[in-house]
Amino acid sequence: MRKWTLLGMLYLCLMSAAVAQEVHMVKLPPPDMHGGKPLMQALQARHSTREFSVKALPQQELSNLLWAAAGVNRPQSGQRTAPSARDWREIDVYVAMADGVYLYEPVGHALRRVVAGDLRARTGVQDFVATAALNLIYVANLDRMSGADAEQRDFYSATDSGFIAQNVYLYCASAGLGTVVRGSVDREALAAALGLKPQQKIILAQSVGYPK
Ligand SMILES: Cc1cc2nc3c(=O)[nH]c(=O)nc-3n(C[C@H](O)[C@H](O)[C@H](O)COP(=O)(O)O)c2cc1C
């Protein structure tokens, strides 16, 4: 009897390891709160960049960037570095990198891979998107916008994406990275590539990388 219990436990362990491998998670290091240019200098440096080096971002840089974009800055309430209308927190940040597209999970400060493979070229219509270290995709989950009519959903998902995009602009300016927010996206094709649901709407994309 005891032997069967042990075998059962071993089987469960192997199964959960297999599931963990399938759900590819990247736990990010905590964001570094001390580096970077002061805010006024970052504002002075903020601009759009459309020429990127192919160099990937180190994990610490990726951690800082995503935390600045939409990370949790008040753990008690789970509220974020960017404001959101009615605290809906409806914008999900997807990250397209060379090895796959990941969903940023602010609680837990981690990345969960949703699609394997390099989809960077499909996040926009300009050539540089294929080689920028990463492209962020801001996706509104309309199911979270309870009580909003269609016009409010459009308006607030656009404003809330804009706040995240500006956080990214300021972080990049502060850290010496290049970035450009982009409205020119083939949303239908990208939504299909990401396997988005009908209630998930792509608002904007934003390329980030080291400037050339
Ligand atoms: C909502 C929005 C959409 C944009 N879409 C694109 C785009 O698709 N491609 C692009 O190269 N730049 C895009 N931009 C960047 C603007 O062209 C850029 O901000 C503008 O030229 C001013 O330059 P600056 O950001 O350096 O001040 C967009 C900016 C905003 C705010």
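This is a predicted model: local features need pLDDT of at least 70, side-chain atom pairs count only at pLDDT 80 or more; totals for chains, interfaces and linings use all residues.
Among the elements of the chain, which has the lowest mean pLDDT and which the highest? Helix α1, residues 2-22, has the lowest at 52, while strand β4, residues 91-97, has the highest at 99. Over the whole chain the pLDDT averages 93, and 90% of the residues score at least 70. Within residues 15-21, though, the pLDDT is below 50, and apart from near neighbours in sequence this stretch has 0 contacts in the model.

Now let us turn to the sheet. It is open and built from 7 strands, and if you walk across it you meet them in the order β1-β6-β5-β4-β7-β9-β8, with antiparallel pairing. At the edges are β1 (25-27) and β8 (178-182), each of which pairs on one side only. Leaving direction aside, neighbouring strands of this sheet are turned by 25° against each other on average.

Helix α3 packs on this sheet, where it touches β4, β5 (100-105), β7 (134-141) and β9, and its direction makes about 155° with that of β4.

Let us look at some of the pairings, starting with β4. This strand and β5 run antiparallel and are joined by 4 bridges, with V95 standing opposite Y102 in β5. The two strands form a hairpin that has 2 residues between them. Moving on, β5 is joined by 6 bridges to β6 (residues 110-116), again antiparallel, and here L103 stands opposite R112 in β6. β5 and β6 also form a hairpin, this one with 4 residues between the strands, and in it G108 takes a positive phi near 100°.

Finally, come back to α3 (residues 59-70), which packs with helix α4 (residues 150-175) at an angle of about 140°, the axes being 7 Å apart. The crossing of α3 past α4 is right-handed. On the α3 side the contact is made by E61, N64, L65, A68, A69 and A70, and on the α4 side by I164, N167, V168, Y171 and A175. Sorted by class, the residues of this contact are 8 nonpolar, 2 polar and 1 charged.

Definitions and conventions: Residues are numbered from 1 along each chain as its sequence is written. Axes are lines fitted to C-alpha atoms, for helices over the stretch in contact, and angles run from 0 to 180 degrees between N-to-C directions. A crossing is left-handed if the near helix is turned anticlockwise from the far one by less than a right angle, and right-handed if clockwise. Two residues are in contact if their C-beta atoms, placed from the backbone, lie within 7 Å. Ala, Val, Leu, Ile, Met, Phe, Trp, Tyr, Cys and Pro count as nonpolar, Asp, Glu, Lys and Arg as charged, and the others, Gly among them, as polar. pLDDT is the predictor's confidence in each residue, from 0 to 100. Two strands pair if DSSP finds at least two bridges between them.
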